[in-house]
Structures are given as C-alpha cells and as structure tokens.
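Here is a short briefing on one protein model. Look at the sequence and structure first, then read on.

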Amino acid sequence: MGGDLPLRFRTRPLLGQVVWPLLGLVLLVVLPAAYALDQGLSLALLREQWMLPLVGVLGLFVTGTLIVRCVTTRLEVLVTASEVSMHGGGALSAFTWSEPLAHYAGLDCERRHHPDWIGAQDEYGIALTHRKNPERNVVVHWGRDARRFEDRLARYAQLLRLPIRREQRAPLAQPRAARR
C-alpha cells in the first residue's frame, strides 16, 4: 500500500492472456515439429511437402509476436500530491498522460457481488474520479478483502485530501398490488 506519497501502481494487464498464444505455439509449432521428428521426415521431404514447415514458421511468427506483446505490455500509475500520471508501455503506449490532482473530484467506491461465482464473494474497488473526462478515471485498488478495502480507502482519502463518494444504490422497486 505504501505509507506516503507518491503512490505507485504497476500492472501487466495482458500477461493473463499469454495462455492463448502459448496454446497456439503448441498447436502450430511444437506438434508439427514433433510429428516431423517422429516420422523421420528429411529436409528434402519437408521441402516437397511445404505445408508443414509453412504452418510451423507462420505459427512461430504469429504466436511469438503475441507472446512478446503480452509480456511487454505494462501500465504504471503514479499519484503524487499534485499530479496523477499514467505511463503505458508495449501495446498500451498510447495511454501515457499526466493530469493535475486538482482535476479529480474524489475517490469513488464500488462494490460488486457475483452470485454466479463459486463462493459468491464481493469485490471492492476504489477509483480516482476525474471531474470532466471519465477516460481519465484511475482505479487505485481492486480486491476482495473488505477490511483491506476500508483501510486503503481511509489512507488514500487522507493522503490525497479527496472526498469519498460511496456508491449510491437505487431503492428497490416496490411490488405493485395485484388488481382484482
């Protein structure tokens, strides 16, 4: 969490998606290469049957590119007493900007309940909310521990001197009386 300013948040948002290029690498490169080795195919025969090497080379190029993209993509948010800046790298390099902290209205809180999930846990989020441009909102905490959420919310509000804006729940609709 950090005791004082600046608050620094780093994430690699595409790292969890590296599974799909790895699966493609196995299907398009490793399995054809294993087949060629198992069958004892010579280089001369592979030149005649060019489809297998072509699939392997193209698969290596495409999946290798996607793996590098997933690994090099990063996002860093830095919050100081006077400024909020975001620096994106890799696929997110276009998301680099800097804003004065005065352009932010407060800390918004969000609670999500997922009844479909096993365990049906709640998730809690804290976001710095921009006054005019919602694209500049920054999530500074997301987790499932309610105590840690409350601790961080109080600490961030104290450090940044921003008001806390709790999520407003709409009142439940009253059922209509049945007409006879």
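Which residues of strand β4 lie on its covered face, and which on its uncovered one? Trp 97 and Glu 99 are on the covered face. Ser 98 and Pro 100 are on the uncovered one. In a regular strand, side chains alternate between the two faces of the sheet.

This is a predicted model: local features need pLDDT of at least 70, side-chain atom pairs count only at pLDDT 80 or more, and totals for chains, interfaces and linings use all residues. Residues are numbered from 1 along each chain as its sequence is written, and side-chain values use heavy atoms, with hydrogens and water left out.

**Strands and sheet**
- Strands are DSSP runs (E, at least two residues), and helices are too (H or I, at least four), numbered from the N terminus.
- β3 and β4 pair in the antiparallel sense over four bridges; to pair, two strands need at least two DSSP bridges between them.
- Ser 85 stands opposite Ser 98 in β4.
- An open sheet of four strands runs β7-β6-β5-β8, with mixed pairing.
- β7 and β8 stand at the edges with a single partner strand each, so one side of each has no neighbour in the sheet.
- β5 and β8 pair in the parallel sense over two bridges.
- Leu 107 has Ile 164 as its bridge partner in β8.

**Contacts of Leu 107**
- Leu 107 touches residues including Ile 126, Leu 153 and Pro 163, not counting residues up to four places away in sequence.
- Contact means heavy atoms within 4.5 Å.

Key
Buried means under 20% relative accessible area, exposed over 50%, partly exposed in between (1.4 Å probe, protein chains only).
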